[in-house]
Amino acid sequence: MDEKWMDEALGEAKEALSQGEVPIGAVIVKDNRIVGRGHNEIEGRGVATAHAEMLAIQQAAEEVGDWRLDGCTIYVTLEPCRMCVGALCLSRVNRVVFGAKQSWDAVCGSAESFSESDLSNYKIKVTGGIKEGKSLLLLREFFSNLRKEEKKRRDARAG
């Protein structure tokens with residue numbers, strides 16, 4: 001079942017990519033139904049907190065009618081950062097399932113493990129590596145395109 005919901009998160013990541021955003025997508029599932037979804041909208045909204053997870057949390061809280069997201073699992077294409085894991089703990093999400101690992105700012109086991117530390121009294125179950133290859137492929141495409149655009153700008157200035 002994790003693969004099915006991760007496919008939904010990948011769809012959100014593809015939407016982010018089509019909008020020129022870093023392709024990260026998330027869905028929150030409760031009782032075998034999506035109650036929240038989001039993709040990165042940092043550039044579009046001009047807000048540093050517009051991460052896929054944060055937007056999915058907001059939509060899920062509105063959908064279930066409570067800020068407590070007990071019984072929910074979030075599926076996200078990239079291992080969440082400190083801010084997002086903090087919000088997931090505060091929201092009482094039970095489980096995080098992620099695709100690709102990240103070593104620079106991740107706190108679900110790759111760089112650190114916030115959910116297993118003494119920093120929070122709320123523990124979240126974590127599963128990583130679900131559809132990791134597809135998640136990484138989208139990220140590579142985004143950053144490859146970014147490098148090509150930067151090279152075009154440099155060449156235009158030099159030429």
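Here is a walk through a helix pair, the nonpolar cores and one alanine in this predicted model. Local features need pLDDT of at least 70 and side-chain atom pairs 80 or more, while totals for chains, interfaces and linings use all residues. Residues are numbered from 1 along each chain as its sequence is written, and side-chain values use heavy atoms, leaving out hydrogens and water.

Let's start with two helices (DSSP runs of H or I, at least four residues, numbered from the N terminus). H3 (residues 52–64) packs against H4 (residues 82–90) at about 20°, with axes 9 Å apart; the axes are lines fitted to C-alpha atoms over the stretch in contact, and angles run from 0 to 180 degrees between N-to-C directions. That makes H3 roughly parallel to H4, a label for angles under 35 degrees. On the H3 side, Glu53, Met54 and Ile57 meet Met83, Cys84, Ala87 and Leu88 of H4, contact being heavy atoms within 4.5 Å.

Leu88 turns up again in the largest nonpolar core, which has 24 residues. A core here is a set of buried Ala, Val, Leu, Ile, Met, Phe, Trp, Tyr and Cys residues joined through side-chain atoms within 4.5 Å, buried being under 20% relative accessible area with a 1.4 Å probe, protein chains only. Along with Leu88, the members touching the most others are Ile28, Leu69, Ile74 and Val96. A second, separate core has 13 residues, among them Trp5 and Leu138.

Now for Ala13, in helix H1 (residues 2–18). Ala13 counts as buried because its relative accessibility is 0%. Its contacts, leaving aside residues up to four places away in sequence, are Pro23, Ile24, Gly25, Thr77 and Leu138. Ala13 and Leu138 are 125 residues apart along the chain, with 7.7 Å between their C-alpha atoms.

Conventions:
Angles under 35 degrees count as roughly parallel, over 145 as roughly antiparallel, 65 to 115 as roughly perpendicular and the rest as oblique. Buried means under 20% relative accessible area, exposed over 50%, partly exposed in between (1.4 Å probe, protein chains only).
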